[in-house]
Each structure stands twice: as structure tokens, then as C-alpha cells.
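Subject: Structure handover

Hello,

Here is the structure we talked about. Please open it next to this message; my notes follow below.

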Amino acid sequence: YLGMALGSRKLYSSPEERIAVLEEMFDMDIDPIGRMDTMVIALGCAIFAITGIFIVAAWTKHTYRPIRAKNLPLTTVLYISGILWFVGDLPMNGHVLLKGAFSECKFWNIWVRVLFCFIYTSVLSIRCYALDRVFNQNKPTKGLAYYLPSILFVGGYIAYSIVTTAMSGHLTIGYAEAVELCTTTEGYVIVTLCLLWLNWAIIITMMIRLRNIQSTFNEFYEFLFICFFGIAAMIKTTTVHFTHPKYPLVLGYRIAETLGDVLIINGIILIIMAYPVVMSLVHNKEYEREWLLRLRTDGLQDMYEANLNLRAEGPAHYARMNGSSPNQIKKSMAEECTRDSRFFDTHRFGHNNHEQEDTGMVRNICDSYRALEEAIVVPHNRGTTSKHCFETRSVSSLETVDDGPKGRRIL
């Protein structure tokens, strides 16, 4: 039947007859395309719209340093790749009839779905590589050595797309006009899935290296969640393709495949961007101040400025901690604390009856500055750590500061 379909005219004269022909051909129940498929498309678009709001909000606050540290341009490429991956899923997962433009199976599968799935995972690999290069290898994010992996990734996948497009549809993917279906060979599916698994293996390898970053900005746990979702998606896709190769004809399977991809694509982006975007809206000054204080405590300001295009001024920009005298540091800290007091006096975070809480917030910030000041001028001594303590939301203990020069090979 399938051989006849590949080389024949239509075997039916109505949609109902088409379903009957397919059921006889494959000896299985076929679910026609209908309202549920439209709802899946609408739901997918809505989820991407929510993620898009976060991306737009991040760009409106692109100068906010915790957001800039997330590499917003690369995250935007991730989002666009995810959208195109979703668009390729719609015809390939059977949510639309493969007529007219949708009958170009090689274009939708090779150049839209597969290519941008490759690009999406490659961007995650590149993001891991950038963090590893800066904090583990002590190298800048510029030059041929930095851009070469990106060129090899994208160039290799484009070459793969060109080769598979040039090959016969009987060897890769083709269109059976008689039954309006895209048909793929097992070899093409195996090679494509192996390349995707290779990509995730690279991401996991780079993620393991990120655990060596001794910093409060260690993104190891963030990538741990990303890898969990990614491997879950790969297991799902691999299992479905080999146990139910005709899944686009079954409503439950095609919905699970498409919505699974949508949730994973958007979930990974939100893991990266949601928290700093939300904090920039609800606790703008406080979160940035805490973020900068942690950055200073780790001794990473110069590295961030040089490699991530950040100018990390904030609770300790006065010190530079690389050449300022203790008296200059004390003076700058006192000025910073005075400015904070004036700021809270002028711009109350609440109503008048919250005055005591506001005063306490200023006191906590000033106490943190004084603790950092004493950490600078007092010789490193584990015995003195119990006398000073940062606010728990900012730095766990002064021991973090004292041990900094000892354990951080990135310096």
C-alpha cells in the first residue's frame, strides 16, 4: 500500500475515505485532524507569548546588570530557535493537513524543525562554554578560539541539512501525495537523533565542568535543571519515534510530542531569565545591590566587566579592592551608606506606618557594608569570623570573604 501511495495519485475522494484508506493501510485507528489540534496550536502560541513577554521585559531593562549577565542576545537566539522548532513541529507532528506549502516535507523537517532544534541545543552548549571559558579557563569571550565552536556547531548542522536535502527522499524524508503523508526512513531518524544526543552529551560534559566555578554565581544548578528537562525530552522523542513511528496519526501521541517540546523549550528559557526579570520589576534596587555585593565578595567584578560587558558598580565599587587604601574604602563605604539612608528617606518602600521596617532595611544594608569593611582591614583569621556576619540574604558569613583568595583559582 505504501509503495503504491508513493507513486500514485490520490487513493480517496474525501477526508473520511482518506482515514479509511490509512486505517486499512496501517491496520490501526487513525485520528483525523480537528478541534483538538487547533487548541494545541493556540496553547503553544500562548505559552510562547508568555515567554516573549519576559524576553521583551528583559530587553527593556537590558542595562540591569543581573539581566545582562544572562547573555540576553544569546537567550533571544534561543527563543527564536524555539519558535521555529515549534513551527516545524506542527506539520511534522500531524496537526495540519500536508497540502500545498505544507507538503514540502524536506523543508519543514530538515530546515525548520531539525535545524532549529540543533541550533537551540547548540546555543545551550555555547552558553555553557562561555561560562567555562571565563571562570574555569580564565580566558576572554572573544577571539577565534571563543567563536570557533559556534562556527563548527552551526556550520556542521547546515552542512548536514544540505546533504540530507540533496539525498533522495527514499533515503531520508519524502512526500506520499496519494495519502498526504511525510515518510521518513529509519536510518535518517537514527542519525538525526544520534546528533541530538551528542549535543546533549556535550551540554552535560560542560555542565559538569561548571561545578568547579567557586562562586555564588555558579550556574551549575541552573544547568542541572536544564539538562534534566533536555534529557527527559530526548527520552520521550526517542521512545515515541521507535515504538510508535506513526505517532502523527494518533491524537494523544501528537499532542504529547508537540506540547512536550513547547513546555521544555519555554521552560529552559524561563529557568534562565524569569527570576532576574521578576526581581528587576518588584525589587529592583535591593536585588541589584545584593547581586553586586555577592559579586564583590567573590572577587569577580573585574572578570565580569572584562568578559561579560558589565560595569559592576555598587556596594563595593568604591573599593576596587585592588589598590584602594583601607581609609579610602572606609570613607567610600560611609558615603554609600549615607546615600542609601537618604534614598530610603526620600523614596519610601511602603506607607508611613512602615517607617520602622524601612529603617531596619537601611540598617541591614549598612551593617553588611561595615562587615565587608572589617573583612578588608582585618587580617584573614578564621577565629574572627564569628564576630561579623552579613545579612543572610546577601552573604552567608564572613568566612566566605576570608576564604576567597584561598579557594578561587579563577583569580
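**Overall make-up**

The protein chain has 16 helices and two strands. Both are DSSP runs, numbered from the N terminus: helices are H or I with at least four residues, strands are E with at least two. This is a predicted model, so local features need pLDDT of at least 70 and side-chain atom pairs count only at pLDDT 80 or more, while totals for chains, interfaces and linings use all residues. Residues are numbered from 1 along each chain as its sequence is written, and side-chain values use heavy atoms, with hydrogens and water left out.

Of the 411 residues, 49% count as buried. Buried means under 20% relative accessible area, exposed over 50%, and partly exposed in between (1.4 Å probe, protein chains only). The accessible surface is about 20300 Å², and 62% of that belongs to carbon and sulfur atoms. Areas come from the Shrake-Rupley method with a 1.4 Å probe; for residues, only the protein chains shown count as cover. A contact means heavy atoms within 4.5 Å. Among contacts in the chain with a separation of 6 or more, 71% are between residues 24 or more positions apart.

**Confidence**

The mean pLDDT (the predictor's confidence in each residue, from 0 to 100) is 76, and 68% of the residues score at least 70. Two stretches need care. Residues 339–359 have pLDDT below 50, with 18 contacts in the model beyond near neighbours in sequence. Residues 371–411 are also below 50, with 66 such contacts.

**Cores**

A nonpolar core is a set of buried Ala, Val, Leu, Ile, Met, Phe, Trp, Tyr and Cys residues joined through side-chain atoms within 4.5 Å. The largest one has 70 residues; L78, Y120, L124 and I268 have the most contacts inside it. Helices that each supply at least two residues include α3 (35–60), α7 (144–166) and α10 (251–282). α6 gives the most, with 20 residues. Leaving aside neighbours within four places in sequence, I268 touches L78, Y120, L124, W200, I226 and F229. Apart from this core lies another of eleven residues, including I19, M25, L181 and L249.

**Salt bridges**

There are nine. The rule: a side-chain nitrogen of Lys or Arg within 4 Å of a carboxyl oxygen of Asp or Glu.

- E180 and R18 meet at 3.9 Å, N to O. E180 lies in the loop between β1 (173–176) and β2 (181–184) and R18 in helix α2 (residues 15–26), so the pair ties together parts 162 residues apart in sequence. Both are buried.
- E222 and R127 meet at 3.0 Å, N to O. E222 is in helix α9 and R127 in helix α6, 95 residues apart. E222 is buried at 14% relative accessible area, and R127 is buried at 6%.
- D132 and R209 have their closest N and O atoms 2.7 Å apart. D132 lies in helix α6 and R209 in helix α8, so parts 77 residues apart in sequence are tied together. D132 is buried at 1%; R209 is partly exposed at 33%.

Shared partners join K70, R127 and E222 into one network.

**Surface**

L144, Y147, L148, I151 and L152 make a nonpolar patch of about 540 Å². L148 lies in helix α7 and is partly exposed at 38% relative accessibility. Patch residues have over 30% relative accessible area and no salt bridge; nonpolar side chains (Val, Leu, Ile, Met, Phe, Trp, Tyr) are joined within 5 Å, like charges within 9 Å.

Best wishes
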